[in-house]
Amino acid sequence: MSERVAVRKTYKLFIGGKFPRSESGRSYLVQDSNVSLASRKDARDAVVAARAAVKGWAGATAYNRGQILYRVAEMLEGRRDQFVALGASADEVDAAIDRWVWYAGWSDKLPQVYGGANPVAGPYFNLSAPEPTGVVAVVAPESPALLGLVSVIAPAIVTGNTVVVAASPSAPLAAVTLAEVLATSDLPGGVVNILTGRLSETVPTLASHMDVNAIDLTGVADADLAAELEVKAAENLKRVLRPAPADNDWYADPGITRMTTLLETKTVWHPKGV
């Protein structure tokens, strides 16, 4: 009797709430699984999907966004063992679940902390309120793969931004499996889009894309590449987040810096009247 050959799983991209193959048809092998190798066109398609989702996601109530992030935590809890089987430690998975819950709690509180009434001279009300920047490109850190990924996605989307994530090419399984969680978590299609493959192929496209409003370079370890991407991002005055590697203690209290960096502040003057 001949020996059976197991069917190898193929992990696809996550764009617009769907799981398309790379338009190039390419893939690479990771832990006995095929992972799609995203192209520049896939990156552009992901930006289109993210832009289409901005209006609905930014227009949702903060309370509703918090509910959805909490739902992601629920679904991740239910697939905890699967992430452990992929190589994440139990502590890392627990921390990732708790991180979703932590950010969910901030959804309707950040405007009170980061916005408010400003003291001005004259008979005016002067009010500042945070608003999402728009489409954010995110380069995910290599390690810890799951917790690092959650820690860069959650603060971007909780405030109403949509994201295109370039997953770490050496640890993509956490990203594509998280995509399966997101797809079943009430998250509208296009709010999170995940690309796997070579950073050198997709990230320059995202950095120079004129419809991307901000870029998070956390996962770019090469200083020269990071500097090159900053130059590309300057073409349309993208907001750039480039933390020093020493600042990325993923198990520490994350604070609100990542959320506020990806926000714009709208200030309104209004006469007080008679």
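Start with the largest nonpolar core, which has 49 residues; Trp 100, Ile 153, Ile 157, Val 163, Val 165, Leu 178 and Val 192 touch the most other members. A nonpolar core here is a set of buried Ala, Val, Leu, Ile, Met, Phe, Trp, Tyr and Cys residues joined through side-chain atoms within 4.5 Å. Buried means under 20% relative accessible area, exposed over 50%, and partly exposed in between, with a 1.4 Å probe and protein chains only. At least two residues of this core come from each of helix H1 (40-59), helix H2 (62-78), helix H4 (90-106), strand S6 (135-139), helix H6 (145-157), strand S7 (162-166), H7 and strand S8 (192-195). H6 gives the largest share, nine residues. There is also a second, separate core of 26 residues, and Ile 15, Val 139, Leu 199 and Ile 215 are among its members.

A word on the model: it is predicted, so to speak of local features takes a pLDDT of at least 70 and side-chain atom pairs count only at pLDDT 80 or more, while totals for chains, interfaces and linings use all residues. Residues are numbered from 1 along each chain as its sequence is written, and side-chain values use heavy atoms, with hydrogens and water left out.

Leu 178 is one of the buried residues of H7. The other helix here, H8, has eight buried residues out of ten, so it is largely enclosed by the rest of the structure. Those buried residues pack against H1, S6, S7, S8, strand S9 (214-216) and helix H9 (223-233).

| Helix | Residues | Buried |
|---|---|---|
| H7 | 173-183 | ten of eleven residues |
| H8 | 199-208 | eight of ten residues |

**Sheets**

The chain has ten helices and eleven strands. These are DSSP runs numbered from the N terminus, helices being H or I with at least four residues and strands E with at least two. Two strands pair if DSSP finds at least two bridges between them.

S2 pairs with strand S3 (residues 33-36) in the antiparallel sense over four bridges, and Leu 29 has Asn 34 of S3 as its bridge partner.

Another open sheet of three strands runs S4-S5-S11, with antiparallel pairing. S4 and strand S5 (residues 124-132) share two bridges, and Ala 117 stands opposite Leu 127 in S5.

**The whole chain**

How do the overall figures look? Of the 274 residues, 49% count as buried. Among contacts between residues at least 6 apart in sequence, 78% join residues at least 24 apart. The C-alpha atoms fill a box of roughly 95 × 40 × 35 Å along the principal axes.

Finally, UniProt lists residues 34-241 for "domain: Aldehyde dehydrogenase" in an unreviewed entry; its positions use the numbering here, feature names are shortened, and annotations may be inferred rather than shown by experiment. That span is 53% helix and 16% strand, and its end C-alpha atoms lie 31 Å apart.

Notes:
Contact means heavy atoms within 4.5 Å.
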